[in-house]
Amino acid sequence: MQDLNPKNNQQKQNDIVDLWYALTGDKFGKVNLATNDEVANASPAGTREYIQQVKRKDIPLVWDNDIVVRGQKNLHIVFLHDFNLYDMSNPQKGVEDMTSFKAIKSALGNKNPSDKTLVFFSGDVIGKEFNITSLQNASIENKKILFWGLQKRIDKLIDYLFYVAKNGADEIILMNGRDEHQAKRKLNRDILDDALMDNFNSILLDYAVETISGQTKKVKISYVPGVKKVFNIKRITADKTYYYDISVHTNLKTTSKTMQGNKRAAQNQHGELAEADYIFVPSENAVGSYSNVIFSSGLARYKDATKSYVPTVSTKGYNSFTLVLGDANHKVEIARTTNFTDPKTYAVEKRIAKQQQEIQILADAAKKAIDEKLAKVYQNQPNYKKLLDSEKGE
Amino acid sequence: MAFKKSENFTQDTNNPRLMTDRNELDAKKDYILERSQDERSDEIRFIKKQAMNVNSHVLLATVTDIHAGGQGFDAKRCKLAINEVAKCFNAHIYIGGDSVDNANNNPNCATNSFGNRVRPSESPEVVYDLLNDRDVKSKIVAILGGNHDAEYGNRNKQNDTSISHHIADALGVDYVPYGLIYSIPLLTPDTHEVKYQNYLFIHDAGSLDKALRLVNIVKEETGLLLDGIMIEHLHQGQEALYTVPVPVYDKNGKRLGDKNHEVYIGMGYSFQNGSTIYGSQNMFGQKTNLRVYDLSWQLNPYYTHDKSTEEPKYKPCINAFNALAQDADEPSMLLKMYQKKYALEINKNYESNWSKKPLEKITTELKKKTESLNNGREM
């Protein structure tokens with residue numbers, strides 16, 4: 001029978017999902033995580049269970065672990081977000097020619113070698129186009145289904161985690177963004193907590209990174225639930241311990257392109273920003289800083305825009321910062337980096353500056369000497385009688 | 001075309017006071033490339049300057065909105081900030097508009113504050129004293145007029161005198177009425193070639209959109225692509241990065257497409273705290289400060305040879321921080337780190353030695369030192 005509607009029919013939609021499951025094992029839709037036996041033996045919950053569940057909903061504002069800095073004076077922080085892994089609508093900038101990796105490496109390296117480097121994977125990593133609708137509507141070219149499922153995205157995220165660990169990160173923190181929350185709603189799974197950490201936590205236990213010097217180091221990777229979190233930074237010196245704090249606000253949804261608009265959106269969506277020494281809001285749309293609030297740039301090509309609007313190109317490279325930690329609690333300053341010199345040219349530049357200064361001193365001394373000579377000329381009262389007599393004699 | 005390049009700075013004009021007379025090489029390190037003059041009147045619209053000294057890193061200090069003499073003016077922190085920054089041999093000190101709060105002596109003057117801490121006629125002296133230091137003066141790029149102290153400022157209507165122009169003349173530095181385009185030569189990190197970063201300084205752009213539009217307007221007018229626009233007036237101390245599409249043409253003028261150009265918008269602080277009772281909350285705000293920028297070139301990680309028309313090989317690294325600590329009247333930790341590298345101590349023995357020698361010996365030594373420096377440059 002002739003296919004009257006070749007482009008879209010229920011049969012094809014079902015077939016492609018079945019095929020996908022057969023090929024990859026990926027499932028879609030919400031999953032009740034209880035076993036069949038558990039379901040058979042279950043009974044209705046009471047007030048006590050309700051109160052327990054309500055208590056569990058409260059996610060504490062402050063992370064219960066400290067970010068520890070031993071001896072170093074600086075903490076280099078890098079924000080990596082808006083990866084949009086395997087999404088077509090707003091792919092990562094530089095994904096086609098691997099310059100995306102170079103950009104991450106550049107952000108990690110823009111610091112002093114002695115600085116501790118903390119990397120936040122601050123949300124919107126797994127992308128949006130992994131749901132069943134995207135699969136059902138996927139094009140097929142050269143017998144390839146142009147759809148990239150959740151498992152592929154998680155595998156890619158792990159690649160990035162190892163890349164970051166090998167290129168300078170000392171500690172990595174993963175936080176949920178909108179994409180991860182969407183997955184939680186649709187699939188009933190906390191992707192970063194359940195899927196990711198279970199999958200490769202065992203690898204992490206034995207994981208060691210060989211650094212250039214031949215030494216090995218373990219990179220701590222943590223998953224931190226919540227979208228509004230305060231982190232204590234604990235700096236341990238020989239004689240004292242100091243504390244500073246930062247807050248991080250992920251999960252921002254806005255199409256505003258100004259910092260004020262993004263700040264208002266973050267305040268509204270997070271029930272006010274959590275005050276801290278510095279407040280970080282990973283944002284694709286606004287890049288910059290406003291008082292102690294810093295909006296870091298993401299990795300995607302475009303800013304978020306209203307549906308059907310043409311998006312604007314996003315700005316890159318404002319995602320790494322150095323916190324200079326002072327010798328008092330909460331005495332902290334921020335800059336992009338504390339690399340203030342070019343090691344190759346610095347000595348020559350200083351030498352030239354010193355010579356210029358000496359020339360300036362000599363020029364000032366010469367001006368002073370000329371002024372003094374002139375003063376003597378004008379102070380010198382000529383002897384007119386003597387001069388006139390000598391002229392008569394001529 | 002609205003503007004023409006002025007050929008002769010001393011030509012007859014109806015308004016000679018609007019033009020600065022200094023058309024010669026600035027003895028310190030900058031020279032004027034162009035004074036763009038409006039055909040319709042004699043006004044100087046903007047000045048294009050170029051720094052001479054080449055470094056890998058430069059410290060640009062934007063001393064904006066000093067509001068000297070007005071209620072809330074923080075003289076101690078202002079002097080401290082300027083002097084500390086001036087210690088760095090690679091500092092470029094730009095004095096923004098509103099260096100004076102109340103330029104006219106009208107008791108009903110409409111300024112930020114409803115009270116002066118200093119008599120208006122004496123407030124220019126306050127600014128002059130702040131800046132009249134050898135280390136500071138030698139690093140001043142220019143002084144810009146603002147709405148409080150320039151000839152057409154709305155808070156200066158009764159006066160129609162440019163106080164900031166007088167201060168610039170007294171110090172022997174350049175005065176800029178509306179806008180300054182400043183080109184700074186910096187060394188590239190890999191090949192150590194000289195490449196210029198271009199910054200526009202204006203007191204107020206009106207709105208973000210208008211500021212961003214200046215990128216294409218300035219490119220059309222001067223051929224220069226701006227890397228940053230430094231705005232004042234709002235006393236906010238912010239920074240932001242935007243992407244602006246810039247048309248690309250071939251050598252025949254045919255439009256090829258657009259290039260996405262990243263431009264930095266910086267906004268300086270002020271040295272005036274709260275100044276009126278209805279702004280009392282400002283008295284509880286942060287202390288006054290000076291925004292400084294460590295400028296350099298960095299390699300653009302997105303650059304490849306194939307994408308050379310879309311992605312530049314080098315991107316400006318504009319590393320902003322505060323000059324003063326927030327909790328004390330002292331340089332910030334970051335400025336202290338910077339000074340460890342760039343502050344030059346004046347050799348007092350050298351200075352006192354040569355100040356006593358006769359003129360002939362001084363000039364011989366001067367000649368020797370200048371030749372040695374020039375030889376180094378030629379090599």
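## Close-up views of a predicted two-chain model

**Figure 1. Overall view of chain A.** The accessible surface of chain A amounts to about 21600 Å², and 51% of this area belongs to carbon and sulfur atoms. Accessible areas come from the Shrake-Rupley method with a 1.4 Å probe, and for residues only the protein chains shown count as cover. The model is predicted, so that local features need pLDDT of at least 70 and side-chain atom pairs count only at pLDDT 80 or more, while totals for chains, interfaces and linings use all residues. Residues are numbered from 1 along each chain as its sequence is written, chains are lettered from A and ligands numbered from 1 in the order in which they are written, and side-chain values use heavy atoms, with hydrogens and water left out.

Chain A contains 11 helices and 16 strands; these are DSSP runs numbered from the N terminus, with helices (H or I) of at least four residues and strands (E) of at least two. The radius of gyration of chain A is 32 Å, well over the 21 Å that the globule rule gives for 394 residues, so chain A is more spread out than a compact globule. This radius is taken over C-alpha atoms, and the globule rule is 2.2 Å times the number of residues to the power 0.38. Along the principal axes, the C-alpha atoms of chain A fill a box of roughly 135 × 65 × 45 Å. Of the 394 residues in chain A, 45% are buried, where buried means under 20% relative accessible area, exposed over 50%, and partly exposed in between (1.4 Å probe, protein chains only). Among contacts (heavy atoms within 4.5 Å) in chain A between residues at least 6 apart in sequence, 70% join residues at least 24 apart.

**Figure 2. Overall view of chain B.** Chain B has eight helices and 14 strands. Buried residues make up 54% of its 379 residues. The accessible surface of chain B is about 17500 Å², with 48% belonging to carbon and sulfur atoms. Of the contacts in chain B with a separation of 6 or more, 70% are between residues 24 or more positions apart.

Figure 3. A salt bridge is a side-chain nitrogen of Lys or Arg within 4 Å of a carboxyl oxygen of Asp or Glu, and the structure holds 24 of them over all chains. One of these joins A:K116 and A:E171, whose closest N and O atoms are 3.0 Å apart. This pair links distant parts of the chain, with A:K116 in strand 3 (residues 116–122) and A:E171 in strand 6 (residues 171–175), 55 residues apart. A:K116 counts as buried because its relative accessibility is 10%, and A:E171 counts as buried at 3%.

**Figure 4. A salt bridge between two loops of chain A.** A:E284 and A:K316 form a salt bridge in which the closest N and O atoms are 3.3 Å apart. A:E284 lies in the loop between strand 12 (278–282) and strand 13 (288–290), and A:K316 in the loop between strand 14 (293–296) and strand 15 (320–325), so the pair ties together parts that are 32 residues apart in sequence. Both A:E284 and A:K316 are buried.

**Figure 5. Salt bridges in chain B.** B:D258 and B:R255 form a salt bridge, with 2.6 Å between the closest N and O atoms. B:D258 is partly exposed at 47% relative accessibility, and B:R255 is partly exposed at 45%. Elsewhere in the view, a network of salt bridges links B:K76, B:R77, B:K287 and B:D329.

**Figure 6. Surroundings of A:K93.** A:K93 is placed in the loop between strand 2 (74–80) and helix 4 (99–109) of chain A. With a relative accessible area of 16%, A:K93 is buried. Not counting residues up to four places away in sequence, A:K93 touches A:S100, A:L299, A:A300, A:R301, A:K316, B:Y302 and B:E311.

**Figure 7. Surroundings of A:N74.** A:N74 belongs to strand 2 of chain A and is buried, with a relative accessible area of 6%. Beyond residues up to four places away in sequence, A:N74 touches residues including A:K116, A:T322 and B:M337. The C-alpha atoms of A:N74 and A:Q357, 283 residues apart along the chain, are separated by 33 Å.

**Figure 8. Surroundings of A:T254.** A:T254 is in the loop between strand 11 (241–249) and helix 9 (259–269) of chain A, and is buried with a relative accessible area of 15%. Residues up to four places away in sequence being left out, A:T254 touches A:N262, A:A265, A:N285 and A:D304.
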